[in-house]
Amino acid sequence: MKKRLKEGQKATGAEIVCEALLREGTDIIFGYPGGAIMPVYDALLKYPQLHHILVRHEQGAAHAAEGFARVTGKPGVCLVTSGPGATNLVTGLADAMMDSVPIVCISGQVISSLIGNDAFQETDVVGVTAMVTKHNYLVIKPEEIAETIKEAFHLARTGRPGPVMIDIAKDAQQGITSFSYSKEITLPGYRPTITGNPKQVKRAAEIINKSLKPFILAGHGILISHAEKELAALAEKSHIPVATTLHGISSIPRDHRCYVGMLGMHGNLSPNKCTNEADVIIALGMRFDDRVTGKISGYARRAKVIHIDIDPAELNKNVPAEVPIVGDVKHVLQQLNPLISKADHKDWFVRFKEYDKLEFEKVIKNEVYPKTGQIKMGEVIRRLSEETKGQAIVVADVGQNQMFAARYYDFKVADSFITSGGLGTMGFALPAGAGAKIGRPNQEVWVITGDGGFQMKIQEMATIFQENINLKIAILNNNYLGMVRQWQHLFFDKKYSEVFLRNPNFIKLSEGFGIPAEKVDKRNNILPAIKRARKHKGPYLIEFVVETEANVFPMMPAGAAVDEIRLE
Amino acid sequence: MNIKNNLSTLIVSVQNRPGVLFRIAGLIRRRRFNIESLTVSHTENPQLSRFTILVRGDKETVEKMSKQLYRIVEVLKVSDPKDVEIVAKELALIKVSIKKDGSRVEITNIANHFRARVVNVNPEYMILEVTGNEEKIDAFYENTRKFGIIEFVRTGRTALFK
């Protein structure tokens, strides 16, 4: 029996939660039951249309919801209990906040008469989560539930997306009221600007048309607003090089003639160097994170900056903009593109090619095509990229594995690189990968993780097994917390402090979870193992035993300017 | 904005919903804005509350703070008026010792000069109420200090547009 509520029908708060989720287009919930949310779990039995994924830890629910949201564009939904259930979500909320990922999380709260009395499993959820959510609510009456959920979804998915938390007292879930979902949302203080100021857009066009060395920095905003076509059109029309941020990866195919690489601390040499040679920087849906800019005083020294973002607070926050434009980047590009004149910047592209050659010789060649020695992380990623023809969704964890995945996979389709960029949450990849696969069941999804990060959310292997999620998992095992070790190597005189990991047997572990696994420690077995994983129907894990003390290069040392990036 | 002392008044109109004070206070703390005072009260519209925030910092700081405030869903309008565009007042209460001979008369004279009101007197001390801008209250405080200030409290700036 599939329950649905009609307007005006009497129902419990818990049933209204389920109905409201359906009305918002939800079909998947990531959650974990507990005392204060039991009425909603009871109501879920009447709503089989809502497929509930039982995670093994609430943080996993949040990351899975993020992975789901990143590939579907729909808010991911979490359902958890009060107290520890809600506090376990906090890292996931902070992660979604930093990376502008729409998720709606619902937690049960102790009954309203006990709130504030330090009741069993009571936490001030609104207080705890206020600084890591776009908005949050405490609901204590059943009549408030429908409207709150409607508002929460609206906030999560519009403007600059982000996480919204709804804490619902248990008695509000149990109380009976008449269901109503027709009321319009009234948020007079929340009106995201979509269209760019035409005068500013005109000024931007004039500056671009006059420039000799224009440079586009494409961020996550391109993917969020689905402006991939507009981005390519701008780049092609005026022949402008495009670099992406970490989250901008896959906003333009890597084989596009205008694509020049990734920005940032471990990005490519040419885009970082050329940032300080460009005369105009066109920053699209990105926020000049410190991992992109390096030392601010040494950033974009010769450039006039045109900065387009939907969040006004990002403009002039880190890098002063000559032309700041508030708006949805897709809309603003639709306004801007017709004003751009055709141009040819062949000589400017040559500068990038020169640096690319240098980076290939000094770094990439040996990383991707080594002949001897231990397996390199870069070659594993490149073989995977070649074998999947750049069509898979890659969900990377945090650290060296993340940088290698970002650098050496040749992304061809939009929304195909998912990682924890802003918060840098180790353990993100496994649950986020599960969420991504559930969101796009017909696309191949690979988790790239390290031996450290894998163990941080290893319990979600059980979720993957229980749901039989057809996810492929690659552990790049170097027996170290590689990125921290790299910093200790370079900046702490190679004094290693607490970075060595004596690891469990990952193969037995995986098999213990019911997921077939194999170990690869020879170069000539990389590709066959990847092929076996792809052929297998269902989840599959490969442990790649890789070079233990490899460093990721290029690297912009902390505090250095963008053009002080090092190749060794 | 008053360039001399680097102080700006932000007038923030918000939807009167639970938690909005917490959010604004949290933002100020998290982004490490330097505030001199913050007042909040109801307005002529029962659905709205109004914050008057006195911020220390340059133009960019004030602009950043205003943009961050707009990210709070309940925030309707943030104004950063010039000092000449507003009427701004602050109220202070001061408890001064009158144990020394002649202090009472002298304090009363000073109070008259500042148009301060005596609101309570007993043999030990008197309590005065003074309103005005920050400089006036500072000056009043300085003038009464020598008598021995037992307690001093001020409300922080509140303001209306002219």
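Just after helix α1 of chain B, residue B:R32 takes a positive phi of about 55°. This value, like every other one below, comes from a predicted model.

An unreviewed UniProt entry gives the annotation "domain: ACT" to residues 9–83 of chain B.

Chain A brings 22 residues to the contact and chain B brings 16 residues. The size of an interface is often given as the accessible area lost when the parts come together. For chain A and chain B the buried area is about 1600 Å², and carbon and sulfur atoms give 54% of it. On the side of chain A, the residues that lose the most area to chain B are A:M131, A:H135 and A:G189, which together make up 33% of what that side buries.

Between chain A and chain B, 6 residue pairs are in polar contact. Three elements of chain A give two or more residues to the side that touches chain B, namely α6 (125–129), β6 (135–139) and α7 (145–157). The largest share, 3 residues, comes from β6 of chain A. Sorted by class, the chain A side that touches chain B holds 11 nonpolar, 6 polar and 5 charged residues. The rule for salt bridges finds 2 of them across the interface. In one salt bridge between the chains, B:R17 pairs with A:E151, with the closest N and O atoms 3.0 Å apart.

Chain A carries domain annotations of its own. In an unreviewed entry, UniProt lists residues 12–126 of chain A as "domain: Thiamine pyrophosphate enzyme N-terminal TPP-binding". This stretch of chain A is 42% helix and 18% strand, and its end C-alpha atoms lie 23 Å apart. Another annotation from an unreviewed UniProt entry, "domain: Thiamine pyrophosphate enzyme central", is listed for residues 201–336 of chain A. Over residues 201–336 the chain is 33% helix and 20% strand, with 6 Å between the end C-alpha atoms.

Salt bridges can be followed through the whole structure, where a search over all chains finds 42. One of them joins A:K330 to A:E230, the closest N and O atoms being 3.5 Å apart. Because A:K330 lies in helix α14 (residues 329–336) and A:E230 in helix α11 (residues 228–238) of chain A, the pair ties together parts that are 100 residues apart in sequence. A:K330 is partly exposed, with a relative accessible area of 24%, whereas A:E230 counts as buried at 11%.

A second example in chain A is the salt bridge of A:R351 with A:E277, where the closest N and O atoms are 2.9 Å apart. Here A:R351 belongs to helix α15 (residues 346–368) and A:E277 to the loop between α12 (269–275) and β12 (280–284), so the pair links parts that are 74 residues apart in sequence. The relative accessible area of A:R351 is 28%, making this residue partly exposed, while A:E277 is buried at 15%.

In a further case, the side chains of A:R382 and A:D410 meet in a salt bridge with an N to O distance of 4.0 Å. A:R382 sits in helix α16 (residues 377–387) and A:D410 in the loop between α17 (400–408) and β16 (417–419), so parts that are 28 residues apart in sequence are tied together. A:R382 counts as buried at 13% relative accessibility, and A:D410 is partly exposed at 26%. Salt bridges with shared partners also form a network, which joins A:R160, A:D311, A:E314, A:K317 and B:R71.

Methods. Residues are numbered from 1 along each chain as its sequence is written. Chains are lettered from A and ligands numbered from 1 in the order in which they are written. This is a predicted model: local features need pLDDT of at least 70, side-chain atom pairs count only at pLDDT 80 or more; totals for chains, interfaces and linings use all residues. Side-chain values use heavy atoms; hydrogens and water are left out. Contact means heavy atoms within 4.5 Å. Buried area is the accessible area (1.4 Å probe) that two parts lose on being put together, summed over both. A polar contact is a pair of N or O atoms within 3.5 Å; within protein, one must be able to donate a hydrogen and the other to accept it, and residues adjacent in sequence count only if both atoms are side-chain atoms. Helices (H or I, at least four residues) and strands (E, at least two) are DSSP runs, numbered from the N terminus. Ala, Val, Leu, Ile, Met, Phe, Trp, Tyr, Cys and Pro count as nonpolar, Asp, Glu, Lys and Arg as charged, and the others, Gly among them, as polar. UniProt positions are given in the numbering used here, feature names are shortened, and annotations may be inferred rather than shown by experiment. Buried means under 20% relative accessible area, exposed over 50%, partly exposed in between (1.4 Å probe, protein chains only).
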